[in-house]
Amino acid sequence: YNVALGVPTISLRPAELAAEVEADPWVARAKAEISWPGTINITVLEHEPIAWLKIEGEWFRASVTGALLEMSTPSKRGARVRLGGIRGELGETLTGARATGALEFLATLPKDLRKNAVVRSGGAGTLVARIDGHLVDLGTPLDMRENAATLTALLESGIPEGAAISVVSPLRPAIRNPQQVVEG
């Protein structure tokens, strides 16, 4: 946008200026205001990255809204989402139920559970996750906030290490304790 010293503020259009700032993938919303005689105030709300999302062999940082913020190599720590059939480019916002459901689920988890979580396709439009050493069946990408809250409460209650958990129905979760290994 053509904002520079010497440009009269009367020539600027705040809505166009805000739209130009919002073109940056990291910007969720921008608001521009002109204060006469020569001040421009721009308020910016940035996206918060929630997880790394793999799309067609490339990794993107994604926000809870599904905005693809940057293309990069994932850091060693951080939640990951691996779903087949997802398409998107830098700056776009994903709209598919599986991707948005996975991101919503991860955003609702406490940070200590989210940091190494992996959500992937479970088949027939469902999602599964690996969280804190547990395989978690999330079911279809509905009620993801409730699924995350139920899972958090279960893990805080002291589930045996390696137990499989189903939160397909958040009001009726199921836990399968790990099978004992029998030798001989």
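This is a predicted model: local features need pLDDT of at least 70, side-chain atom pairs count only at pLDDT 80 or more; totals for chains, interfaces and linings use all residues.
Visitor: What order do the strands of the open sheet have?

Guide: The open sheet has nine strands in the order β5-β4-β3-β6-β7-β8-β9-β10-β11, and the pairing within this sheet is mixed. Its edge strands are β5, at residues 68-71, and β11, at residues 174-176, each of which pairs on one side only. Neighbouring strands of the sheet are turned against each other by 25° on average, with direction ignored.

Visitor: And in which sense do β8 and β9 pair?

Guide: Strand β8, covering residues 126-131, and strand β9, covering residues 134-139, pair in the antiparallel sense over five bridges. Within this pair, A129 stands opposite V136 in β9.

Visitor: Which strands does helix α4 lie across?

Guide: Helix α4, made of residues 144-156, lies across β8, β9, β10 and β11, and the helix runs at about 150° to β9.

Visitor: Okay, N147 then: buried or exposed?

Guide: N147, which lies in helix α4, counts as buried because its relative accessibility is 0%, and buried means under 20%. Leaving aside neighbours within four places in sequence, N147 is in contact with F105, L138, L142, V167 and P170.

Visitor: What else does F105 touch?

Guide: Besides N147, and not counting residues up to four places away in sequence, F105 touches V119, A129, I131, L138, M144, A148 and L151.

Visitor: Which residues of the largest nonpolar core touch the most other members?

Guide: This core has 35 residues, and those touching the most other members are F105, L106, I131, L138 and L151. The elements that give two or more residues to the core are β3, β4, α2, β8, β9 and α4. Apart from this core lies another one, of five residues, among them L17, A18, A30 and A32.

Visitor: Changing topic, where does P160 lie?

Guide: P160 lies in the loop between α4 and β10.

Visitor: Why does P160 count as partly exposed?

Guide: P160 is partly exposed because its relative accessible area is 38%, which falls between the limits of 20% for buried and 50% for exposed.

Visitor: Which residues does P160 touch, then?

Guide: Not counting residues up to four places away in sequence, P160 touches H134, N177 and P178. P160 and H134 are 26 residues apart in sequence, while in space they are 9.2 Å apart, taken from C-alpha to C-alpha.

Conventions
Residues are numbered from 1 along each chain as its sequence is written. Side-chain values use heavy atoms; hydrogens and water are left out. Two strands pair if DSSP finds at least two bridges between them. Helices (H or I, at least four residues) and strands (E, at least two) are DSSP runs, numbered from the N terminus. Axes are lines fitted to C-alpha atoms, for helices over the stretch in contact, and angles run from 0 to 180 degrees between N-to-C directions. Contact means heavy atoms within 4.5 Å. Buried means under 20% relative accessible area, exposed over 50%, partly exposed in between (1.4 Å probe, protein chains only). A nonpolar core is a set of buried Ala, Val, Leu, Ile, Met, Phe, Trp, Tyr and Cys residues joined through side-chain atoms within 4.5 Å.
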